[in-house]
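Subject: Structure for your files

Hello,

Here is the structure I said I would pass on. My notes on it follow below.

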Amino acid sequence: MPVQCNEVTSNPILQATNSANMADVLIVDDNADIRDLLAAILQVDGHQVREASNGREGLDFVAARPPDLILLDVEMPVLNGPEMAQGLFLRDFGDEKIPIILLSGIVGLQEVAEVIGTPYFLAKPYSPEALLRMVDWALREHIPPRPKLGVR
Amino acid sequence: MTSGDSIQIPRAWTPYLWWAFVTIIVGLVVSGTLSIYEMRNTQTKVELIEDRALASIQLAFNLSHDIDQWRRLFEDHIVESDSAGMKRIEGELANAEARMAATSRAYEPTITDDVERDAWQKLQAEIAAVQPKAASVIDLSRKNLDAQARAVMKTLQPDFDAIDQEMEGLVRLNRVRADQEVTLIRSLHRTAVIILAILTVALTGFVLLVAASVTRLIRQRESQMREATTLLQQRNEELDAFAGRVAHDLRGPLTAINLAAFAKEGTAEEGARAVFRRGVSQMETIIQDLLTLSRISAQTTEGRCQTARVAASAEEDLRPEVEGVGGVLRIEAADATVPCSAGLLRQVIWNLGENAVKYRRSGVQLEVEIRGRITKRTYEFSVSDNGMGMSPSEVQHAFEPFFRGEQVRSTPGTGLGLSIVKRVVEATGGSVSLESVPAQGTTFKIRLPLAASKAA
């Protein structure tokens with residue numbers, strides 16, 4: 001019994017650390033170079049990675065299997081970052097609970113992050129260390145985005 | 001600074017306008033004052049004449065009164081038989097004659113015209129004619145020959161009647177003249193009032209007119225200024241947006257380079273080097289395009305070129321590009337001189353040709369056609385392809401710096417090519433337009449002014 005109890009109590013902790021260390025991350029960016037580099041960096045850190053080249057593809061990937069974290073670019077063809085975030089929120093399949101890290105070189109990134117309602121954003125050009133810190137932080141806190149609807 | 005629908009007063013006129021305004025007002029005031037002064041002067045003169053006419057009437061009345069008294073004294077003298085009484089009456093007679101003479105002397109200078117002078121002389125003559133007979137009446141009366149004296153007095157009666165008539169005529173003449181002068185004064189007064197009223201109305205009208213035109217001018221200037229301010233604000237916003245775009249587009253490759261440089265052992269060495277190369281060349285292209293864009297206005301204003309030679313030079317570079325993707329290039333350009341540097345015009349054609357290659361449709365053989373022809377006043381280049389085409393909203397923004405169509409964002413490019421084309425063409429005084437049908441193709445038309453003559 002004590003052994004069983006031990007297993008039961010340790011199990012969630014083990015899972016939590018596991019999910020923090022080994023997460024399913026979706027990268028949405030139209031620049032293939034950046035996508036590949038991000039994937040390489042995250043894989044080295046032990047994460048499982050999928051890549052989408054625009055917001056539409058991103059939504060499809062999320063529908064197929066909800067990831068633990070989304071790395072989202074702002075300006076993309078077909079469906080841009082904020083539009084994809086709003087799409088997730090409006091679909092209301094529980095996908096809106098997935099934390100989003102906004103990655104972009106646009107001027108006024110903070111305002112865009114406020115519109116999407118996410119506390120996680122990184123302005124380009126960023127270092128791999130900063131990115132990994134942000135990924136760890138987002139996976140630990142797990143704050144879901146709160147989009148302001150109708151504002152873009 | 002042009003506005004077709006309202007009257008445009010040139011800026012240089014403004015000081016003259018004010019001077020003209022001041023001069024005209026001063027002129028009106030001076031002429032008004034002068035006319036009022038002249039009017040008053042005339043009125044004074046007329047009043048003087050009227051005074052004199054009234055004085056004449058007064059004198060005529062006085063004379064008439066004197067003559068009556070004089071006549072009565074004759075009667076008294078005849079009735080009087082006492083010598084002392086006669087002496088007293090003779091004294092009064094002498095006084096009356098002296099008064100008559102004094103009144104006559106006073107009247108003489110008030111005579112204004114010949115009609116009055118004639119009447120006056122006639123009166124004097126009649127008085128003179130009566131005097132000797134009157135003297136004989138006194139003689140007879142002194143000798144107390146009263147009956148004879150009365151008989152002589154009777155013979156004098158018609159003469160006195162004539163004198164009375166003459167007096168009346170004289171008075172009437174003066175009164176008529178005074179009436180005429182009063183009428184004249186009244187009409188002068190009326191004229192003065194009318195002239196003043198007209199002057200006032202004219203002056204007010206003129207001032208209102210000038211005020212209205214000046215107000216309109218100011219309003220026009222204000223609206224022009226507002227337009228200029230709006231344009232400036234718009235330019236500032238565009239510049240801000242432009243700087244933002246430049247920053248964003250440079251940060252993309254910079255991020256890739258940064259990630260590749262810091263990437264851990266997971267990234268292959270070869271892959272990282274390729275990322276460096278791509279990122280650097282992408283940034284280099286953006287910088288090159290930006291520099292081209294900024295240098296355009298300075299370069300184009302100088303220089304002329306032969307369109308056929310430029311087309312041939314562009315063909316040299318384009319043909320391998322087009323044929324490299326299995327496409328067909330048709331190029332045909334009439335020769336003319338246009339006011340644009342050869343290098344920039346070549347860049348324009350190259351940009352459009354390269355776009356045709358970049359944004360071709362997969363599965364369809366690329367066809368690019370470049371034609372140059374001379375129209376009435378312009379030289380027209382058209383560059384057509386059978387590529388992806390653009391949606392109407394994309395066509396609208398196609399020439400904006402850094403704008404990139406939805407479906408071509410994955411294709412490498414800076415988004416500056418078409419804005420370079422537009423700026424080059426517009427700097428030469430030409431224009432550029434485009435027609436596009438999605439999934440069918442795009443045609444660009446560039447119209448350049450023809451250079452004045454080949455010899456120049």
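To begin with the polar side of the interface, five residue pairs are in polar contact across the boundary of chain A and chain B, with both residues of each pair at pLDDT 80 or more. Please keep in mind that this is a predicted model. On the side of chain A that touches chain B, the elements giving two or more residues are α2 (32-44) and α6 (128-141) of chain A. Of these, α2(A) provides the largest share, seven residues. By class, that side of chain A consists of 15 nonpolar, three polar and five charged residues.

The extent of the interface is as follows. Chain A puts 23 residues into the contact and chain B puts in 21. About 2,000 Å² is buried between the two chains, and carbon and sulfur atoms account for 63% of that area. Within chain A, the residues that lose the most area to chain B are D33(A), L37(A) and P125(A), which together make up 26% of what that side buries.

Next, the salt bridges. Over all chains, a search of the whole structure gives 22 of them, and two salt bridges are found across the interface of chain A and chain B. R245(B) and E75(A) pair through their side chains in a salt bridge, with an N to O distance of 3.0 Å.

Another salt bridge lies within chain A, between K124(A) and D29(A), where the closest N and O atoms are 3.9 Å apart. K124(A) sits in the loop between β5 (121-123) and α6 of chain A, and D29(A) in the loop between β1 (24-28) and α2 of chain A, so this pair ties together parts that are 95 residues apart in sequence.

K124(A) also takes part in a backbone feature: the peptide bond joining K124(A) to P125(A) is cis, with omega about -5 degrees. P125(A) is placed in the loop between β5 and α6 of chain A, and P125(A) is also one of the residues named above for the area lost to chain B.

Chain B has a backbone feature to check as well. N144(B) is not a glycine, yet its phi is positive, about 55 degrees. This residue is in the loop between α3 (114-142) and α4 (146-262) of chain B.

Last, a helix pair in chain B. Helix α7 (residues 342-358) and helix α9 (residues 417-427) of chain B pack at an angle of about 145 degrees, and their axes are 9 Å apart. The crossing of α7(B) and α9(B) is left-handed. On the α7(B) side the contact is made by L344(B), Q347(B), V348(B), N351(B), L352(B) and N355(B), and on the α9(B) side by G417(B), L418(B), I420(B), V421(B), V424(B) and V425(B). Sorted by class, this contact has eight nonpolar residues, four polar residues and no charged ones.

Regards

Note on methods: Residues numbered from 1 in each chain as written. Chains lettered and ligands numbered in written order. Predicted model: local features only at pLDDT ≥ 70, side-chain atom pairs only at ≥ 80, totals over all residues. Heavy atoms only, no water. Axes fitted to C-alpha atoms, helices over the stretch in contact; angles between N-to-C directions. Helix = DSSP H or I, 4+ residues; strand = E, 2+ residues; numbered from the N terminus. Left-handed = near helix turned anticlockwise from the far one by under 90°. Contact = heavy atoms within 4.5 Å. Nonpolar A, V, L, I, M, F, W, Y, C, P; charged D, E, K, R; others polar. Buried area = accessible area lost by both parts, 1.4 Å probe. Salt bridge = Lys/Arg side-chain N within 4 Å of Asp/Glu carboxyl O. Polar contact = N/O pair within 3.5 Å; in protein donor to acceptor, adjacent residues only side chain to side chain.
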